[in-house]
Amino acid sequence: MSNASDAMSTNANAVAKAVYLADYRPPTYTTEQTELHFDIRDGVTTVSSNLHVRRLDHASDVLELLGEDLTLLSVSVDGRALEDNEYELSSRGLKLFGLESDHEIQIVTEICPEKNTALEGLYRSSSMYCTQCEAEGFRKITYYQDRPDVLATFKTTIVADARDYPNLLSNGNLVSEQALDDGRKEATWQDPFPKPSYLFALVAGKLAVLEDSFTTMSGREVKLQIFSESHNIGQCDYAMDVLKRSMRWDEEAFGREYDLDIFMIVAVEDFNMGAMENKGLNVFNTSCVLASPDTATDDAYQRVEAVVAHEYFHNWSGNRVTCRDWFQLSLKEGFTVFRDAEFSSDMNSRAVKRIEDVGFLRAIQFAEDAGPLAHPVRPNSYMEISNFYTTTIYEKGAEVVRMYHTLLGQEAFRRGTDLYFDRHDCTAATTDDFAQAMSEAGGIDLNQFKLWYEQPGTPQVEIRESFADGTLNLEIVQAPANLPNQKHQRPFHMPLALGLLGVAGDPLSLDPSTLHSDAEVSLRDSGHTLLVGAKESVTHLEVSGLATKPVVSFLRGFSAPVKVTHSRDPEELAFLVRHDTDGFVRWDAMQTLWMQHFDNDIQASVSPVAVLGSLAEDALRRETAEDQLLAATMLSVPNENYLFEQLRGFQVDALLDARDAAVSKAGLAHAEIWAQLVDKHEAKQAYQADAQGMASRALGNMAFSYLCRTLSGGELEQRLEARYRKADNLTDRRTVLGIACRHEGVSEDYRQSLLQDFYQRWKDYALVIDLWFNLQAQSPLITIDGLKALEAHQDFDVKNPNRVRSVYSAFGMLNNRRFHALDGSGYQFLKEAIEKLDALNPQIASRLATPLTRMGRYDTARQQLMRARLNELAESPNLSRDLYEIVIKSLA
């Protein structure tokens, strides 16, 4: 038998073939029961599988099993070894011929996890073995029907050296565990719930464990365990707290109870993704589970909270009900992102969470929607499915689910999710199935709404308003995104929420009798919010009986993922900033003021710097966590990537200079207020990872950053040093280090001494050193030689995804000054990094290419430089399928 990898010498460019949704066909056979036996030894792992298969299509006698990079040792059917002419082995899998109805298939393969640098399938991370099977990693473990619509029960036995790997874990409940005579250990796990192979997990290692328990709403006791290497286990308590809160919240908010006897999390230092929801055995990147005051910023704490919740919520929205095919990926991911966002909103500030999500959507997902890699929430085709774990699938997909919630209301939406879970439990479903459940629960026609799954791009909405004789007239015009080959898009069904403010800033309560529209309208929020179900290219709304012209508060809560054009004077925007009751609209009005400031074609009569000063004064009076978090969010000048996506026809350096000048002007203009805020939010007690503590630090560090804009030289360095030495948490230290890395008023000697001190204190904590690399890589003061010095550093490991992202992703996504240097050196540096990584880890390499693909929004000279680098990548003879798809589509 030949190793399947021997046939992989063909150039990926030649074998990269598109898969189309239209070509989906159910499998001819299905695997109902899977028994696996892993014999793990240094250098080689033997995998024996016993598969109970049943024929579904009696017109076929061929069973196709997918497999890559495997050595096939034997294949048998019902205990009989097959002859060479009874099966066909290729680089992509194994076909068995002449089968009948039901069979027991026995397959034995060998793999080498130690050489698996792609981190798909079974691989070694530090001293442990672990798996990552989504989307198509299981085929690198054994030959199998590795597709999400084949659901089987799994029984897994693991055998390994008892001293080096005392912890042998897999999905489900532990059936047996025993020591063997040869110094090895055996453990068997049984998962009673049928699942697709992408949800399989295995971990073998010498791990420390944090244990707790949870009592479900029906009274069942569930054991909770978080495993990690011993040097990390002390940072797992917060994740355990989040897990228990998530389990209770899911019972209360969605009626979903956990279904196994045990729930396990394993923290892994080498992991391509954030985390993976394998049934009963979640595998996490350490960055998404470890948190302590000295090793995690407040942002990192919130990420742990969101990701632990997200993966737990997948137990129902992804595991108990999975997706039929990978085109339906947003069915589980978009729905679960919505669920974790609701959880985070309930745990912290709903308004700030919404603002953060919209800011990310506008800066990152809108850019994806407008670029060469734009695709629908439910794609029509792909070459490499790992490239479709995108912000469109996740974040825009979550916005689609949120629109269901907005259209139906909370009670009907809950009936819809209950119906969906009950109807499709232990099956593989589609986005149409989800829409059907929502339609039935809400008594609403959602056929047009499903265009959100089918049409790519971000729709445009223009608001035209007029007022006469006590009547406000609104004309709402929607238009599709301006994308190639998308000229015939149909109008979307959009839920557009709006309100009206009186001259004193008070919200107006609307009377249904005064509303006239050619669209369906309904009142929410005690009559203060009007929901318009716009379905046509042009929608008209008339509100009569008004004493004076109101101010329109449009797109409350960002009720639909659209780009809005609404001509407003700066005074009206400032009015909304001061008076609107909707946190998102207040923030959005402030962003629009900034956009007008940075747009050279618009001369604003109201300065956003002046408005910022009034917000800062108001922040001094804010005491609650909710108010302080919102204040800190409102005080931030839009980040560079947000500006790049919102503005058009800009020059990179000029826009970056203008933003720097605005921040400095805001610092100088309100220096006294910033100093007062810094003093007010000086830590009075030890670090607390709660909403009040995070809110106070957010406001205090925002003010400190502005205050530092008024300082330079020795005075600035003394301020930084004092704050750095006093800090009892990474959030405050990160603020100081970030300023030192970006502020030209800091001397190079002090900058380096601070960086060296930080490194020496925290060099044994991988995630903290990731941050150390990250802050330097995103510094506008760094040179290409400086970046190369980071690559050459003893702690830089090109095989570790977190460390790779801390340098290359930070540079490409966050260092716009150096990445977009007109000499092209930034593009060249990233291109060379992508080439190196593609040979080791194609998934990471393809994601690193993202900044090069967004060339369309930059000037001609930069577009040519970026295109040239992509052309060089395209000409590589050994390009992976992952990177090939990204490069070719971008160049097209």
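This is a predicted model. I'll start with helix α18, where the buried residues are Leu716, Glu717, Leu720, Arg723 and Tyr724. Those residues sit on the same side of α18, because the arc they cover around the axis is only 135°.

On the face turned away from the buried side, α18 carries Glu715, Gln718 and Lys726, which are exposed.

As for its dimensions, α18 spans residues 713–726, 14 residues in total. From first C-alpha to last it reaches 20 Å, close to the 20 Å expected at 1.5 Å a residue.

Now the sheet. It is open, with five strands in the order β17-β18-β19-β21-β20, and the pairing is mixed. At the edges are β17, residues 208–215, and β20, residues 275–276, each pairing on one side only. β17 pairs with β18, residues 221–228, in the antiparallel sense, over eight bridges. Within that pairing, Glu211 has Gln225 of β18 as its bridge partner.

Two helices go with this sheet. Helix α2, residues 237–254, lies across β17, β18 and β19, and runs at about 25° to β17. Helix α3, residues 298–313, packs on the sheet and touches β19, β20 and β21. The direction of α3 makes about 150° with that of β21.

Note on methods: Residues numbered from 1 in each chain as written. Predicted model: local features only at pLDDT ≥ 70, side-chain atom pairs only at ≥ 80, totals over all residues. Heavy atoms only, no water. Pairing = 2+ DSSP bridges. Helix = DSSP H or I, 4+ residues; strand = E, 2+ residues; numbered from the N terminus. Contact = heavy atoms within 4.5 Å. Axes fitted to C-alpha atoms, helices over the stretch in contact; angles between N-to-C directions. Expected span 1.5 Å × (residues − 1). Buried < 20%, exposed > 50% of the residue type's maximum accessible area, 1.4 Å probe, protein only. Arc of directions from axis to C-beta.
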